[in-house]
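Let's take a walk through this one together, with the model open beside the text.

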Amino acid sequence: MTTALISGRATQSPGRGRRPRRSRATRPSVAFALPLVAFLGVFVAYPMAKLVQMSVSTVNPSTILHTWPFVGLANFRHLFADPEFHRTVWRTVIFAVVVLVIGVSGGLIAALSLQGRRKFGAFTYALLVLMWTLPPIVSGSTWKFLLSNDGFINELLVNTHLVSQPVLFLIDGWLPLLSVAFAAGWVCLPFATIAFKAALLDIPRERLEAAEVDGAGPLQRFAHVTWPHLRPTTYVVSILIMSYAVRSFDFAYVMTQGGPGTASTTLPLLGYSSAFTAFNYSTGAAIAVVTIVVVMLFALPYARTVGRRE
Amino acid sequence: MSMKTKLGTLSVVSLLFLGACSSSKSSSSAPTSAPAPTASSASSAAAPAPSSAAAPVASSAAAPAPSSAAAAPSSAAAAAGPTGSDVKATLTIWTYDQMQRDNKIQQAEFNKLYPNVKFNVVFIPQEQFANKLIASATTKTGPDIIWDNPAYTQAFADAGVVYDLSKYWSAYSDAGQFPASVVNQANGKVYSVQTYSNLNALWYNKTLLDSLGIAVPTTLDELQAAMAKVKAAGKIGMEIAGTPGIEGEWISKPFFTDWGVTGYKDLGNPNTEKMFAQVSGWVNSGYIPKGDLSLSQGDGVTKFEGGNVGFFVGGNWLISDAQTKSKFTFGVTGMPSGPNGPGIVYLGGQAEAIGGFSKNPDLAWDFLQTTWLSKEFETATLAFGSIPSRKDAVPTDASQPIEAYAKAVEQGVPISSDTANTLLIGNLWSAVLSGQTSPHAGAATAAQIAKTAK
C-alpha cells in the first residue's frame with residue numbers, strides 16, 4: 001500500500017514477460033548495509049586477516065611490536081607434526097560429539113516431554129532460561145564441585161551402593177574429557193529444548209489428530225509426523241551445537257584446566273595456553289586458524305540453509 | 001612500526017583472547033586459575049590486608065627517612081628539593097593483586113615526600129595482565145610501575161615493556177640486602193626486583209605426627225615412611241596439587257632437584273623417571289589421594305585444615321588462614337632432601353618493575369626504593385604472610401613458620417622464564433601423578449623438553 005501511494009504504479013499490472021519494476025523506495029539500499037559491513041570489516045575481517053598473518057609469521061614477545069618475520073606454513077607444519085596436537089584434535093572431536101549427542105537428544109527429549117504440560121512446562125522453561133543465562137564460570141564450578149571425588153554425585157553413588165569407591169570423574173582416563181563434555185552439553189540443553197519446542201508448536205495439530213484417527217500409535221506419530229517436521233530444526237541445532245562445542249573453552253578451563261596433564265585439553269584451550277601462557281603467539285594463532293576452519297565447516301552449511309529458507 | 005601494524009597487533013591479540021574465551025567470562029574469576037607462586041594468591045587466600053594497624057610502617061614514627069631521594073640518581077628528586085613539593089606527576093601502577101589495588105599505605109608515605117604526586121592504580125586480572133601489558137605497548141603508553149609475576153621478566157624485557165633498572169640498581173646502597181635470586185635479570189640487565197617471596201615448604205600436622213610417634217621428615221625416604229604410618233592409622237598421608245600448567249611446575253620443582261634434576265636442560269637425566277616413579281608410587285600406594293590431585297594448592301589447604309592429613313606442600317601465603325581455621329598444631333619445615341640434592345623451591349612473589357614507556361622512571365624508582373624496597377615496608381609484608389626479600393627485614397626471633405620459609409629463601413631459585421617449557425613440565429607433572437602418563441613415558445617426554453630448554 002505504501003508503495004502504491006509513493007509510486008502511483010502499483011495498480012498497474014505488469015505485462016506478461018516483463019519483470020515487475022521495483023520502486024526506489026522498496027529497492028534494498030546498499031547504504032543501509034554499509035555500517036554493518038564497516039563494523040564487520042573492522043572488528044571481524046581485519047583481525048581475522050591479522051590472525052592469519054600471525055599464523056604464518058614468527059610472533060613472540062620479542063617480535064610482536066615489530067615486523068613479524070614471515071615463515072610461510074612453518075607454524076602449521078610444526079603443529080601438524082606435533083603428536084600432542086593430533087591428540088588434541090581427537091579430543092576435540094570426541095568432546096564435540098558428546099556435546100552434540102547430549103545437547104540434541106536431551107533437548108529433543110525435554111521438548112517432547114514438556115509438550116502440552118502448561119504449568120509444569122512454563123516452570124521448566126523458566127528454569128531452562130535461567131540455566132542458559134548462568135555464566136559458564138558458575139555452572140563450570142558447580143559441576144566441578146558436583147563431580148569431585150567427595151562431591152554430591154559420588155556421595156550419591158557410594159551411598160546407594162552403585163559403586164564401592166568414588167568415581168574419579170576429573171582424574172581417571174577419559175572421564176575428565178567426558179565430564180567436561182557432559183557439562184558443556186548440559187548447558188546446550190535450554191537452547192536445544194526451546195528450539196525444538198518452537199518447531200513442535202509449528203506442527204499442524206490436525207495432522208497429528210488425523211494420524212491418531214488412522215490408528216497410529218505414539219511412536220508411529222513421532223516417526224511419520226513429528227520427526228519429518230523436526231528434521232530441519234535438528235539440522236540447524238546440530239550445526240550450531242557443533243560450532244559451539246568446537247570453540248568451547250570455558251568449561252575445560254574452569255573444571256580441569258585441561259588436565260590432568262592434557263587429558264581434557266581441546267583446541268581452543270591449547271591455543272589459549274600456547275598464546276597466553278607460553279607467549280608463543282604464532283602457534284596460538286595457527287591453532288586458532290585451524291579451529292576457525294573447522295567451525296566454518298559447520299557454519300557454511302548453516303548459512304546456506306538459512307539463506308535458502310529466506 | 002606503522003600504525004596499521006600496531007592496530008593489527010592489538011586487534012589480533014584481542015581476537016585470540018576473545019576467541020579463546022568464547023562465551024566465557026573473564027577467567028580472572030576462575031577459582032583454580034591463579035598460579036600459586038604469586039602474591040595474588042595471598043589475597044585469594046584471605047590473607048589480612050596490610051592495614052595501618054597491621055603494618056608497623058604505617059605510623060609516622062616508622063616512616064622511612066627521605067634518604068632515598070638522595071640515594072637515587074633521580075633528576076626529579078634532585079630538582080624537587082627536600083620536600084619534593086615541586087614535583088607534580090601521576091604515577092600509574094598496574095597490579096593484578098586486589099590487595100594492592102586498595103592499599104594506600106605506600107602512597108601515603110610517598111606523599112610525605114612528594115605531596116603533589118598522585119597515583120592511579122589499575123587492577124588487571126592476572127590471566128590478562130601480561131598480554132595487556134604487551135598489547136598496551138603498541139601505543140607506547142604503558143604504566144609507570146608494574147607488579148607482576150617474576151616469571152614474565154624475560155618476556156617483558158623482550159617486548160620492551162619494562163625499563164632497564166641497571167643504573168638504579170648499581171647505585172642503590174641497599175642492593176646488597178637482596179639475594180641475587182630476587183633480582184630479576186634478562187639479557188644481562190636488571191628489570192625487576194621482588195620485594196618479598198612466596199614459596200613452598202612442607203607443612204606437617206604436629207598433633208597427628210606426635211600421636212603416631214613420627215619425627216618431622218627431612219628426607220624423601222623419611223617422608224615416605226611417615227606417610228605410610230599416617231595412612232596405616234587411617235589418615236591421609238599428604239595433600240599435594242597435581243594441577244597442570246604453571247602451578248604443577250611450581251609444585252614439582254623441589255622433587256626434581258631432590259633427584260639432581262636442577263634445570264630444564266637436565267630433564268633427560270635418568271633420575272627424572274625415578275622421581276616420577278617415586279611420587280606416582282605415593283599416589284598408587286594411597287599416601288596421596290588420587291581424587292584430590294585436581295585440587296589447586298589453595299583448595300588442597302582446606303583438606304589439610306580438616307586435621308586428617310599428615311603433610312601438605314604449601315605456600316607461606318596460606319599460613320595465616322590455616323592458623324585461623326585449624327584446630328590442631330601444625331608446623332612448617334623445608335622441603336625434604338632427596339638422594340641427589342636438596343629440595344629447592346622457586347621464589348615466587350610479585351616483581352616490581354618500571355614500565356618501559358614511563359614518562360617518570362626516576363620518580364617511579366624513588367617510589368619503589370622509598371617504600372617497597374625499604375626495610376620497614378619489607379618487614380611489614382610479614383603481616384600478610386609473605387617473606388621479605390631483604391636479609392635485614394626478617395626478625396631474628398621470627399616465629400616457626402616464618403623462620404622455616406626464610407631459611408628456604410636462602411637456597412630458593414628464581415622462577416623459570418622459559419614459559420613454554422614451564423607449561424609442558426607442569427602438564428607432565430599432572431599427567432604422571434594422575435596416572436594419565438607412566439613414569440617411563442613421562443621421562444621420555446621430559447627428555448624431549450630438555451632438547452628445547454633455554
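Predicted model: local features only at pLDDT ≥ 70, side-chain atom pairs only at ≥ 80, totals over all residues.

Start in chain B, where six strands make up an open sheet with mixed pairing. Reading across, the strand order is 2-1-3-12-5-4. At the edges you'll find strand 2 (117-123) and strand 4 (183-186) of chain B, and each has a single partner strand, so one side of each is left without a neighbour in the sheet. On average, neighbouring strands here are turned by 25° against each other, ignoring direction.

Now zoom in on one of those pairings. Strand 5 (residues 189-194) and strand 12 (residues 351-354) of chain B run antiparallel and are joined by three bridges. In one of them, Gln194(B) has Ala351(B) of strand 12 as its bridge partner.

Over to chain A. The axes of helix 8 (residues 175-201) and helix 10 (residues 218-247) of chain A come within 10 Å and cross at roughly 155°. Angles over 145 degrees count as roughly antiparallel, and these two helices of chain A are therefore roughly antiparallel to each other. Their crossing is right-handed.

Which residues meet there? From helix 8 of chain A they include Ala184(A), Cys188(A) and Phe196(A), and from helix 10 of chain A they include His229(A), Leu230(A) and Tyr244(A). The contact's residues split into 11 nonpolar, two polar and no charged.

Notes: Residues numbered from 1 in each chain as written. Chains lettered and ligands numbered in written order. Pairing = 2+ DSSP bridges. Helix = DSSP H or I, 4+ residues; strand = E, 2+ residues; numbered from the N terminus. Axes fitted to C-alpha atoms, helices over the stretch in contact; angles between N-to-C directions. Parallel < 35°, antiparallel > 145°, perpendicular 65-115°, else oblique. Left-handed = near helix turned anticlockwise from the far one by under 90°. Contact = placed C-beta atoms within 7 Å. Nonpolar A, V, L, I, M, F, W, Y, C, P; charged D, E, K, R; others polar.
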